[in-house]
Amino acid sequence: MKSLNNYILIGFMGVGKSTIMRLLSKETKLFGLDSDDLIESFEQQKIKDIFQTKGEDYFRECEERVSKWLSQNVSNTIIAAGGGFFMTKYFNEIGTVIYLKSSFEAILNRISKDELTKRPLLKDIEKAKDLFEKREKEYKKKADFTIDIENKNPKEVVLEIVNKLKLF
Ligand code: S3P
């Protein structure tokens with residue numbers, strides 16, 4: 001059931017989902033949302049602080065809440081999904097899934113130190129690499145479309161998505 005006309009961007013942490021969501025929103029005139037921003041606003045806490053004070057399981061429950069809400073209430077919207085959001089119960093009902101793909105090395109090169117500290121699951125690079133390898137397979141399975149973002153600037157990525165999906 002994907003009748004909501006939403007486009008949901010998935011991919012590993014730091015791949016640029018929020019940036020692409022905002023540009024795509026401007027380009028298509030569809031509204032844009034970010035699952036992590038929704039959680040930060042209803043929890044009144046940054047993601048890294050939620051992980052630290054309430055733990056990952058609690059954060060995943062917050063994602064479930066967002067997933068259910070999106071699937072029942074939101075349409076005609078571009079959604080940037082946190083890296084683990086694809087695991088939520090209602091994910092498959094939300095919309096067309098666009099996987100933004102990049103190698104782990106390129107992700108590490110493109111994110112700043114500041115962005116690294118915002119992401120609890122990127123603290124330990126070895127563990128993050130293992131997670132990346134597991135996640136890559138899952139993202140592929142969930143994707144309706146895959147866009148390789150490596151060596152492309154955000155505008156090029158957006159143009160590719162717009163052309164591919166005929167989002168004019
Ligand atoms: C996570 C990705 C993060 C954020 C949280 C957990 C994950 O979002 O939801 O730190 O499990 O991959 P971004 O992918 O936007 O960094």
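The model is a predicted one, in which local features need pLDDT of at least 70 and side-chain atom pairs count only at pLDDT 80 or more, while totals for chains, interfaces and linings use all residues. Numbering starts from 1 along each chain as its sequence is written, and side-chain values rest on heavy atoms, with hydrogens and water left out.

The sheet comes first. Five strands make up an open sheet, in the order β2-β3-β1-β4-β5, with parallel pairing. Helices (H or I, at least four residues) and strands (E, at least two) are DSSP runs numbered from the N terminus, and two strands pair if DSSP finds at least two bridges between them. At the edges stand β2 (31-34) and β5 (145-148); each has a single partner strand, so one side of each is left without a neighbour in the sheet. From one strand to the next, the twist averages 20 degrees; axes here are lines fitted to C-alpha atoms, for helices over the stretch in contact, and angles run from 0 to 180 degrees between N-to-C directions.

Strand by strand, the pairing goes as follows. Four parallel bridges tie β2 to β3, and Phe-31 has Thr-77 as its bridge partner in β3. Strand β3 (residues 77-80) also pairs with β1 in the parallel sense, over three bridges; here Ile-79 of β3 is the bridge partner of Ile-8. On to β4 (residues 96-101), which pairs with β1 in the parallel sense over four bridges, with Tyr-99 of β4 standing opposite Ile-10.

Helix α2 (residues 35-43) lies across β2 and β3 and runs at about 65 degrees to β2. Helix α7 (residues 125-142) packs on the sheet too, touching β1 and β4, and its direction makes about 145 degrees with that of β4.

Strand β1 (residues 7-10) is covered on both faces: Tyr-7 and Leu-9 on one side, and Ile-8 and Ile-10 on the other, are all buried. Buried stands for under 20% relative accessible area, exposed for over 50%, and partly exposed for anything in between (1.4 Å probe, protein chains only). In soluble globular proteins, nonpolar side chains tend to be buried together. The largest nonpolar core has 47 residues, and Ile-8, Leu-9, Leu-100 and Ile-161 touch the most other members. Helix α8 (residues 154-165) supplies the largest share of this core, five residues. A nonpolar core is a set of buried Ala, Val, Leu, Ile, Met, Phe, Trp, Tyr and Cys residues joined through side-chain atoms within 4.5 Å.

Next, the ligand. It is surrounded by 14 residues, the closest being Lys-17, Asp-36, Arg-60, Arg-119 and Arg-135, where near means that one of a residue's heavy atoms lies within 4 Å. An N or O atom in the side chain of Arg-119 is 2.5 Å from an oxygen atom of the ligand. For Arg-135, a polar side-chain atom lies 2.8 Å from a ligand oxygen atom. Gly-84 takes part through its backbone, with an N or O atom 3.4 Å from an oxygen atom of the ligand. (Polar contacts are pairs of N or O atoms within 3.5 Å; within protein, one must be able to donate a hydrogen and the other to accept it, and residues adjacent in sequence count only if both atoms are side-chain atoms.)

Ser-25 sits in helix α1 (residues 17-28) and is buried, at 17% relative accessible area. Leaving out neighbours within four places in sequence, Ser-25 is in contact with Leu-30, Phe-31, Gly-32 and Ile-78.

Lys-29, in the loop between α1 and β2, has a positive phi, near 65 degrees, despite being a residue other than glycine. Lys-29 is exposed, with a relative accessible area of 72%. Asn-151, in the loop between β5 and α8, is another non-glycine residue with positive phi, near 60 degrees, and is exposed at 77%.

Finally, Glu-64 lies in helix α4 (residues 56-73) and counts as partly exposed, at 32% relative accessibility. Not counting residues up to four places away in sequence, Glu-64 touches Met-87, Thr-88 and Lys-89.

Note on methods:
Contact = heavy atoms within 4.5 Å.
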